[in-house]
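Work through the exercises below with the model open. Try each task before reading its solution.

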Amino acid sequence: MDLSVVIPTLNGRDRLAACLDALAAHVPDAEVIVVNGPSTDGTTGMIRDRDDVDVLVEVSTRTENVARNAGLEVATGDVVASLRHDLVVEPSWLAGLEDGLPEAPVVTGPTHRTLDGGMTTEEFERRRIGSREVTYFNGGNVAFRRSVLDALDGFDEYLETGGDRDAAHRLAALDYTVAWRPEMCVRQEYSADGGITTGDRGAEFRSLAYRLVKNYGVQPAAATGTVRRALRDALDAGREVLRGNLAPTEWFGTGRAVVTGVARGAADGLVARLKDRTPTRNPHGVSDRSDRAVARYDWR
């Protein structure tokens, strides 16, 4: 197995350094590709001072899927892993990956998150949508056989978030399976602040509606998932309003953003579905992308 590891990063120099240190220790033979874009914290200088990064690609767009595709374009391995810059591979990571590949062409594993009060981890997630059995994967800790990424045409660059969820739907449509290996684990350490954050719900629901309509069309499988998620979030936010943790005006403003996001995402998803009628469902993939790289340093 020839393994390439693609690491998208943005203003995460110190955590990226820890990520690279762990790869050098536990996966020393991997081809390491960092896609930086565009950081302002000295990331470029830090990488150029190291000898364990094979390629550095500087991109001008702060979107994870753009970075993933830019890394995929220069990767030479027959297996390509995507790793988040703030995650550290555990010593068993490579063994878990190698163990999963004979079972499935896509392998993923959990993220152990260290909190002030203990540790959390993820569980294997699978869901039936329409006639498909969709197996989701951890987008910050996943490895693909190169042939599968080529069949997917990489990641959908329209999506600002949820690119891994979209790819999971498309993998199911193409009848590819995903293996879960607890040994292929990564670690993230941070402190929980305990606060309420609503995030950009408009962008989140635009992504959700887009990927469901693009992959399933205008049918109950798409509408049910979006409506169910919106109602659940509205109820959760309503409880926070009653507890005094969220202002009513913020709740209403978020609701408007959700409705607008769903409408725009559904419309764009329908256009994308019409543009690419194949099971790949990726009109904004590697083959359609313009080169976003502003600089490329290749030390191979």
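**Exercise 1. The surroundings of F144**

Find what F144 is in contact with, leaving aside neighbours within four places in sequence. Contact means heavy atoms within 4.5 Å.

Solution. F144 is in contact with D78, V79, V80, P105, V106, F137, L149, L152, F155 and L171. Before going on, note the ground rules: this is a predicted model, where local features need pLDDT of at least 70 and side-chain atom pairs count only at pLDDT 80 or more, while totals for chains, interfaces and linings use all residues. Residues are numbered from 1 along each chain as its sequence is written, and side-chain values use heavy atoms, with hydrogens and water left out.

**Exercise 2. The largest nonpolar core**

Which residues of the largest nonpolar core touch the most other members, and where does this core lie?

Solution. Start with the term: a nonpolar core is a set of buried Ala, Val, Leu, Ile, Met, Phe, Trp, Tyr and Cys residues joined through side-chain atoms within 4.5 Å. Buried means under 20% relative accessible area, exposed over 50%, partly exposed in between (1.4 Å probe, protein chains only).

- Step 1. The core has 33 residues; V35, F137, F144 and L171 touch the most other members.
- Step 2. Elements supplying at least two residues each include β2 (31-36), β11 (141-145) and α6 (163-173). Helices (H or I, at least four residues) and strands (E, at least two) are DSSP runs, numbered from the N terminus.
- Step 3. Domain 1 (3-196) and domain 2 (201-275) both give residues, so the core lies between them. The bounds come from an automatic or database domain assignment.
- Step 4. Another core, of 32 residues, lies apart from it, with L16, M46, I47 and A81 among them.

**Exercise 3. Packing of α6 and α7**

Describe how α6 and α7 pack.

Solution. Axes are lines fitted to C-alpha atoms, for helices over the stretch in contact, and angles run from 0 to 180 degrees between N-to-C directions.

- Step 1. The angle is about 15°, and the axes are 10 Å apart.
- Step 2. That makes α6 roughly parallel to α7 (angles under 35 degrees count as roughly parallel, over 145 as roughly antiparallel, 65 to 115 as roughly perpendicular and the rest as oblique).
- Step 3. R165, D166, H169 and R170 of α6 meet R211, L212, K214, N215 and Y216 of α7 in the contact.
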